Amino acid sequence: MNSDLSSQQVKDIGEQGLLERLQRFCPPEIIGDDAAVLETAPEKSLVVTTDVLVDGIHFSNLTTSPEDAGWRAAAANLSDLAAMGASPLGITVGLGLPGEVRVSWVERLYQGMTECLQKYNTSIVGGDVVRSPVTTLAITAFGQVNPSQIIRRSAAVAGDAIVVTGVHGASHAGLELLLHPELGQDLKDTERMALIRSHQRPQPRLDVLPILWKILVSQCPMPHAPCPMPIAGMDSSDGLADAIIQICRASGVGAVLERRQISIPAAFDNWLTPEQALTYALYGGEDFELVLCLPQEPALALVQHLGQGAAIIGSITSGSTVLLHDEQKKFPDQVLSLSQGFQHFKS
């Protein structure tokens, strides 16, 4: 076995040795059996989501440290829970590794996951480790939600406002700056680092949920009864345009987006053309904001409370077309489609 712990490889310590190292990232009272047992509150629904991340596709040593890769992996799953209206209970991690991977790299990966999870009082509660020709990370996240507060893609109705909880395009911009350091020469150092941080350490918007429920309850005619106000939504991990199109398809509706209302980082003004900035915002992906469809009055209240890039960017319509509109008439209307964004297996 290599005496230099920093260069020790997974194959040097084997599966059991690696599991022993990784168990320190998990609560000792939960792990150790064939499965984890998670307590849920009475009258709550269990929410389960899984994401698979592959080296070279979802993360790379060129753009993310092991800690950042771990953070982003955890954040992606927590964002899916937030998109359902759920609060997290825990995650399990399936890890596929070549034997030549350094043990220190794996530990740093788990440290990044733990740093993200701790912010939301969540833990790694189990998982599996296998040999693989390429590093692969499969995370299953568990959450709970009051059945009356489940957010579904299929609940949008004509007249709903479309709310985004923050700016879009920042993560893609950060990735471009990491891959091409020569770009963005007119950006301030603080702007550059903020965009890069958006890519490496995205923030799942679990913080939006208690604010949303408080607003909805305050606007119910019967404040002491469950409020029957269905909310449609999902997160924007695959891009803002993708999220809106997916919601519209699931709900059997269309949408009109106002070009000027789409929230983009202020730093884009010193770097990108308006068309480039719009493309980053619509199709860049991995911003992990929430896209919510709800009645106008609570939508306005939510945007006012959130601030910092939250905005109403359009409305739900009857029909099936998702249209990008320019109220100043400088640009023709544009029909948005999924083919313009990232799709796995697309040639």
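User: Which kind of contact do the side chains of E107 and R21 meet in?

Analyst: A salt bridge is a side-chain nitrogen of Lys or Arg within 4 Å of a carboxyl oxygen of Asp or Glu. In this predicted model, where local features need pLDDT of at least 70, side-chain atom pairs count only at pLDDT 80 or more, and totals for chains, interfaces and linings use all residues, the side chains of E107 and R21 form such a salt bridge (3.5 Å, N to O). Residues are numbered from 1 along each chain as its sequence is written, and side-chain values use heavy atoms, with hydrogens and water left out.

User: Where do E107 and R21 lie?

Analyst: Helices are DSSP runs (H or I, at least four residues), numbered from the N terminus. E107 lies in helix 3 (residues 103-118) and R21 in helix 1 (residues 10-22), so the pair ties together parts that are 86 residues apart in sequence. A network of salt bridges links R21, R24 and E107.

User: Is E107 buried or exposed?

Analyst: Buried means under 20% relative accessible area, exposed over 50%, and partly exposed in between (1.4 Å probe, protein chains only). E107 counts as buried because its relative accessibility is 17%, whereas R21, at 26%, is partly exposed.

User: Which residues form the salt bridge at 2.6 Å, N to O?

Analyst: That salt bridge joins the side chains of R72 and E286. R72 is in helix 2 (residues 66-83) and E286 in the loop between helix 8 and strand 8 (290-294; strands are DSSP runs of E, at least two residues), 214 residues apart. R72 is buried at 4% relative accessibility, and E286 is partly exposed at 23%.
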